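The sequence and structure come next.

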Amino acid sequence: MMKTSRKVVIVGTGFVGTSIAYAMINQGITNELVLIDVNQEKAEGEALDLLDGMAWGEENIAVKSGDYTECADANLVVITAGINQKPGQSRLDLVQTNASIMRDIVRQIMESGFDGVLVIASNPVDILTYIAWQASGLPHNRVVGTGTTLDTTRFRKEIALKLEIDPRSVHGYVMGEHGDSEVAAWSHTTVGGKPILEIVEVDHRLTKDDLTIIAEKVKNAAYEIIDRKKATYYGIGMSTTRIVKAILNNEQAVLPISAYLAGQYGQKNIFTGVPAIVDENGVREIVELAITDEEQRLFNQSVSELKEVLSTVE
């Protein structure tokens with residue numbers, strides 16, 4: 001995977017795809033960006049619009065629209081295409097239609113000769129990451145879903161708001177499904193290095209009841225946003241860009257992505273959100289935390305729900 005360029009292809013130029021492109025350009029993390037969409041004029045228009053701001057970006061990045069042949073020499077392809085979640089829908093409600101779309105996209109990507117890393121941002125992300133892996137024939141470490149990266153940023157934000165601190169000083173993870181069965185790993189959540197379960201004993205700003213409220217608020221965050229503006233895209237755009245950056249820079253960063261489990265956390269043959277070390281080849285290894293029995297129970301329940309939905313996909 002040693003390439004002289006840092007070429008990224010984004011498939012899907014809806015709100016999420018263009019938010020990723022915009023964040024990538026502002027952070028200057030690639031030198032070539034190609035946009036693909038079933039509506040080619042839309043992809044062309046987005047590329048032209050992004051180019052208009054290039055003089056103010058961090059780097060001079062070549063941005064254009066294209067077709068799937070552009071994937072042949074790409075380091076990384078991000079897939080955002082699919083139908084969007086509507087008010088009242090869960091992410092899992094999208095599975096049948098988006099599974100078919102995902103297979104078709106991945107087929108065209110692989111026919112180009114692509115040999116890089118796939119990053120999946122389409123929902124339901126855990127299910128579609130599994131389907132993309134199967135359709136691609138790539139090693140499972142080179143297929144990465146955005147997983148609970150966004151949920152984790154929401155988690156840290158809510159804790160930070162409650163304690164009136166910088167969210168970058170909060171460390172912890174949401175695990176399992178990116179969706180209704182996700183699990184807040186409170187046993188491994190710290191603020192400035194201090195376990196949050198110790199903080200609730202001494203800080204009047206945060207109680208055990210607040211932890212439950214925070215976890216629910218994080219889980220329902222997308223529904224609140226969709227009710228108000230019909231879609232979510234800035235948060236997932238920046239979260240996906242963080243994953244892309246870790247891959248392109250070979251960072252060895254620990255991120256809560258959707259990764260393939262092969263016995264970790266007692267689960268096999270499923271992609272779901274867990275902290276993992278991310279490098280230039282995708283997932284270097286999964287970080288297996290010693291979670292509590294209750295967290296393990298909830299995690300198992302989340303995985304079971306994903307596997308049940310996956311078994312229905314045709």
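## Nonpolar cores

The largest nonpolar core has 83 residues, and those with the most contacts inside it are Leu-33, Val-77, Ile-109 and Leu-118; such a core is a set of buried Ala, Val, Leu, Ile, Met, Phe, Trp, Tyr and Cys residues joined through side-chain atoms within 4.5 Å, where buried means under 20% relative accessible area, exposed over 50% and partly exposed in between, for a 1.4 Å probe and protein chains only. Helix α4 (residues 125-136) gives the most to this core, with seven residues. Apart from this core lies another, of 16 residues, with Phe-155, Ile-159, Ala-184 and Leu-206 among them.

This is a predicted model, in which local features need pLDDT of at least 70 and side-chain atom pairs count only at pLDDT 80 or more, whereas totals for chains, interfaces and linings use all residues. Residues are numbered from 1 along each chain as its sequence is written, and side-chain values use heavy atoms, with hydrogens and water left out.

## Surroundings of Leu-33

Leaving aside residues up to four places away in sequence, Leu-33 touches Val-8, Ile-10, Ala-21, Met-24, Ile-25, Ile-61, Ala-62, Val-63 and Lys-64, contact meaning heavy atoms within 4.5 Å.

## Packing of α1 with α2

Helix α1 (residues 15-27) and helix α2 (residues 40-51) pack at an angle of about 25°, with their axes 11 Å apart. That angle makes α1 roughly parallel to α2 (under 35 degrees is roughly parallel, over 145 roughly antiparallel, 65 to 115 roughly perpendicular, and the rest oblique). The contact is made by Thr-18, Ala-21, Tyr-22 and Ile-25 of α1 together with Lys-42, Glu-46 and Leu-50 of α2, and by class it has four nonpolar, one polar and two charged residues.

## Packing of α1 with α9

α1 and helix α9 (residues 234-248) pack at an angle of about 55°, with their axes 8 Å apart, and they are therefore oblique to each other. On the α1 side, Val-16, Ser-19, Ile-20, Ala-23, Met-24 and Gln-27 meet Tyr-234, Ile-236, Gly-237, Met-238, Thr-240, Thr-241, Val-244 and Lys-245 in α9. By class, this contact has eight nonpolar, five polar and one charged residues.

## An exposed leucine

Leu-48 has its place in helix α2 and, at 56% relative accessibility, counts as exposed. Leu-48 and His-204 are 156 residues apart in sequence and 52 Å apart in space, C-alpha to C-alpha.

Methods
Axes fitted to C-alpha atoms, helices over the stretch in contact; angles between N-to-C directions. Helix = DSSP H or I, 4+ residues; strand = E, 2+ residues; numbered from the N terminus. Nonpolar A, V, L, I, M, F, W, Y, C, P; charged D, E, K, R; others polar.
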